Structures are given as C-alpha cells and as structure tokens.
Amino acid sequence: MVVEVPLRGPATVAGVPLPDAMVEQLRAQAVVEPVLVDDAGAPVAVGRCESALSEKTKRVVRRRDGRCRWPGCDRRTGLEVHHLWPRSWGGDDRIANLASVCTTHHRLAPQGPRLLLGNPNHPAGLVLVDHDDLPALAQLAAERARADDGSAHR
Ligand SMILES: [Zn+2]
C-alpha cells in the first residue's frame, strides 16, 4: 500500500484522505521512500527506501527493555517498538522516546486513550497517563523540557 504524504494537506491513499492517527499507526511499520517532486507534482528524484525506524534502533530498544514496558505486563513476545510521544505530535526517533510494548494488547496514543511517558532508560521510569489528564501531561512535558535542556548543555 502506498501512502502519499504531501507538504500541505492530509496524507492520502489513491486520493482518499487519511486521519493522522491512521498515518501514525501505518508509519510504525512503514518503509519510507522519499520522492522529490517539482511544482506540478511530477517526480524529479527517488531516494533510498528506509524503514521509519532503523533495525539497529529497534534492536537497541528491544535489548534495553527485554519485555513489554506497560506497567504490570511481562510479555516478552509480540513486542513492537513504540513512540512514547507520538510522531504525529512532534515526538522524535531517539531511544529516550521509544519503548517495547505489545501494542495489540494495550491501546496507546495516538489511537488509544493513554500515553506511556517518562524515562524509558530507567527500569521503573515509565508511567501511564490518560491523554485527557492535562495537569499530568503538563508536568511530564516540563520534566522532558528540563531533561532536553540538560542534554543540550552537556
Ligand atoms: Zn504488554
């Protein structure tokens, strides 16, 4: 399936617009092929196909976690590398924003109602937050900003 993501407007499949949450879900398992187009939309150059997350990154995250990072879940199979702060909300591909989760059992944002947030590099560093819980989200965002600020000055 080919999903086209234009500079402006929604991503589409065969001209049918897709909701951002669906694009985010597809992106996790996607192979990305960048295509440079001219002003009329005609292809000018085609880049190399790459998985959205490199196999090396996924391997590092799986090795760090060893099991599902959902609190109370100890599954070790069927895990996917999940973006804690969703890509569609500005989350990046850094290991500190990734965790192993059995996404078929747990419904996480942007499709689900909850976020798994915190520091995945600490064994007990992640907490579940309802994405409607604005005070908790604001506190975690502030902690994250301080952590980012700290790493920028290292
Ligand atoms: Zn799990």
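Me: Before I look at the middle of this thing, what makes a set of residues a nonpolar core?

Reply: A nonpolar core is a set of buried Ala, Val, Leu, Ile, Met, Phe, Trp, Tyr and Cys residues joined through C-beta atoms within 7 Å. Buried means that 20 or more other C-beta atoms lie within 10 Å of a residue's own, with C-beta atoms placed from the backbone. This is a predicted model, where local features need pLDDT of at least 70, side-chain atom pairs count only at pLDDT 80 or more, and totals for chains, interfaces and linings use all residues. Residues are numbered from 1 along each chain as its sequence is written.

Me: Okay, which residues have the most contacts inside the largest nonpolar core?

Reply: Leu84, Ala99, Val101, Leu115 and Leu116, in a core of 17 residues. At least two residues of this core come from β8 (98-101), and at least two from β9 (114-118). Strands here are DSSP runs of E, at least two residues, numbered from the N terminus.

Me: What is Leu116 in contact with?

Reply: Two residues are in contact if their C-beta atoms, placed from the backbone, lie within 7 Å. Setting aside neighbours within four places in sequence, Leu116 has such contacts with Arg69, Trp70, Leu84, Ala99, Val101, Leu108, Leu126 and Leu128.

Me: Where are the domains, and how do you know?

Reply: Domain 1 is 12-50 and domain 2 is 54-152; such bounds come from an automatic or database domain assignment. Their C-alpha centres lie 25 Å apart, yet 7 residues of domain 1 are in contact with 6 residues of domain 2.

Methods. A residue is buried if 20 or more other C-beta atoms lie within 10 Å of its own, exposed if 12 or fewer, and partly exposed in between; C-beta atoms are placed from the backbone. Helices (H or I, at least four residues) and strands (E, at least two) are DSSP runs, numbered from the N terminus.
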